[in-house]
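Student: I have just opened this structure and would like a guided tour. Could you take me through it with questions and answers?

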Amino acid sequence: IEAATLALGGWTDAYVNAPLALVENLTAPAAALLGPWEHKYPHIAKTNPADFQGEVLGWFDRHMRGDDADVPGMRAYLLDWDTPSANYRDRPGRWVTDPVPEPVTLYPDGETLGDLRGVGEVAVRSPMTVGAASAYFCVGMRIENELAVDQGPDDAGSACFDTAPLGEAMDVLGRAEAVLSFSVDKPVAQVCLRLCDVSPEGGSARITYRAFNLCHHTGHDAPEMLEPGRRYAARVPLNACGYRLAAGHRLRLAVSTGYWPVVWPAPDGATVTLHLEGCALTLPKVRATDTQGPPPPRAFPTRDAEMLRAPDSRTERRTDADGTLMLETFDDFGMARDGVHGLVDGSTVTQRFSIHPDDPLSADHWAQWEFTFQREDWAVRIVTENRMTATADTFRLWRKTTAWEGESVVAEREVCEDVPRGYF
């Protein structure tokens, strides 16, 4: 990349690591703007919307018109504690720039996280339902609010290591990295690492996380089956974050052996044993200067359309009689008539995730998308259905696509495919 690059990202988006990587690695002029946003452009975000157009125009002026205005290499919003909730809302925090790295390394020991290297072992085998308190994988893709809720239920199924209450506030900006010394009892195993802010009242808010397939401990280009009982080492960088841990709060490192429905479970519920003398967590602690963030959004053009059906969304979580955890979501993205050319379009998405806490092979995901288009007396509809299940050896993928013109089916295709699991 040779062009001057402005990278924008949001802390609740799934694609959060690229802006920092670009700033750290490009030789061309590069800057990052990292806010509290979901998977939306900042000016239409539901969380702390900001003037995206002004940021882009200023960048173009600087690098295409030759304006003298200086642009910091990185501006980031450091989130403060906020009671965890699935609902979108403006998040408290502050904008900073010019971060000065002051990394700090902590060590898990027993149930604590401190300055001294740990001793002993901790065995982890989580229920398959750990992950139920996670956010939707890519927040902002649904109509309904879907942020991470209080992490207490997921913490209860994880090995947790807590610092003492902090004597003073600590700012972190970047990617934490864990070093794990581990052994397993199955040839395929995974972990999910979460960093949480634990308030004095006991609430647990997720700061960041990262899942890791332990078969990839030597690199993603050379996975290997694990030998039960053998000791291994792995480096696991977590997703980038920007956060201020307040004085009196504790930092929690939570380790689980799964994270459903964000990650498909390993085929056999593995126990991962952490050998604490070889485990460590390096935090991207920084000193940073407070700065002015982007102003609120300016007026911008919107689509000229007549709303025929308003967007709607719902979420249902339930536990069946046999213990299976069920998550069902529905999103109606509405129906509108374009004011310029008159085309009417609409779409809906239905998804269902289910898993039994004791059975990784019970994992089941089904999704249906429906798209409709019409103009005057012409109408078409396309429905895709997709389902994924797995055995110990294969992923089973089923999909069906049906297209209608009016009331007549004009195309239909159904495909079933078994894909070897390999190192998954």
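Student: What volume does the largest cavity have?
Tutor: This is a predicted model, in which local features need pLDDT of at least 70 and side-chain atom pairs count only at pLDDT 80 or more, while totals for chains, interfaces and linings use all residues. Residues are numbered from 1 along each chain as its sequence is written, and side-chain values use heavy atoms, with hydrogens and water left out. On a 1 Å grid over the protein atoms alone, a cavity is a set of points where a 1.4 Å probe fits but cannot get out; a pocket is an open set with protein on both sides within 12 Å along at least five of seven lines. Grid points are joined across faces, edges and corners, and the volume is the space filled by probe spheres set on the points, which for the largest cavity is about 80 Å³.

Student: By class, which residues make up the lining of the largest cavity?
Tutor: Lining residues have an atom within 4 Å of a point, and here they include Arg125, Met128, Gln190 and Asp268. Ala, Val, Leu, Ile, Met, Phe, Trp, Tyr, Cys and Pro count as nonpolar, Asp, Glu, Lys and Arg as charged, and the others, Gly among them, as polar. The lining then divides into 5 nonpolar, 5 polar and 2 charged residues.

Student: Which strand gives the most to the lining of the second largest pocket?
Tutor: That pocket has a volume of about 650 Å³, and Tyr136, Phe137, Pro261, Gln351 and Phe353 lie nearest its centre among 29 lining residues. Strands are DSSP runs (E, at least two residues) numbered from the N terminus. Strand 21 (325–338), strand 22 (344–356) and strand 23 (359–375) each supply at least two lining residues. The one that gives the most, with 5 residues, is strand 21.

Student: Which residues have the most contacts inside the largest nonpolar core?
Tutor: A nonpolar core is a set of buried Ala, Val, Leu, Ile, Met, Phe, Trp, Tyr and Cys residues joined through side-chain atoms within 4.5 Å; buried means under 20% relative accessible area, exposed over 50%, and partly exposed in between (1.4 Å probe, protein chains only). The largest core has 61 residues, and strand 3 (residues 74–79) gives the most to it, with 5. A second, separate core of 9 residues includes Trp260 and Phe353. Inside the largest core, the residues with the most contacts are Phe182 and Leu274.

Student: Which residue stands opposite Asp171 in strand 14?
Tutor: Strand 14 (residues 241–245) has 4 of its 5 residues buried, so it is largely enclosed by the rest of the structure. Strand 9 (residues 170–174) pairs with strand 14 in the antiparallel sense over 5 bridges, where pairing takes at least two bridges found by DSSP. Opposite Asp171 stands Arg244.

Student: Is Glu376 buried or exposed?
Tutor: Glu376 has its place in the loop between strand 23 and strand 24 (378–390). Its phi is positive, about 55°, although Glu376 is not a glycine. With a relative accessible area of 80%, Glu376 is exposed.
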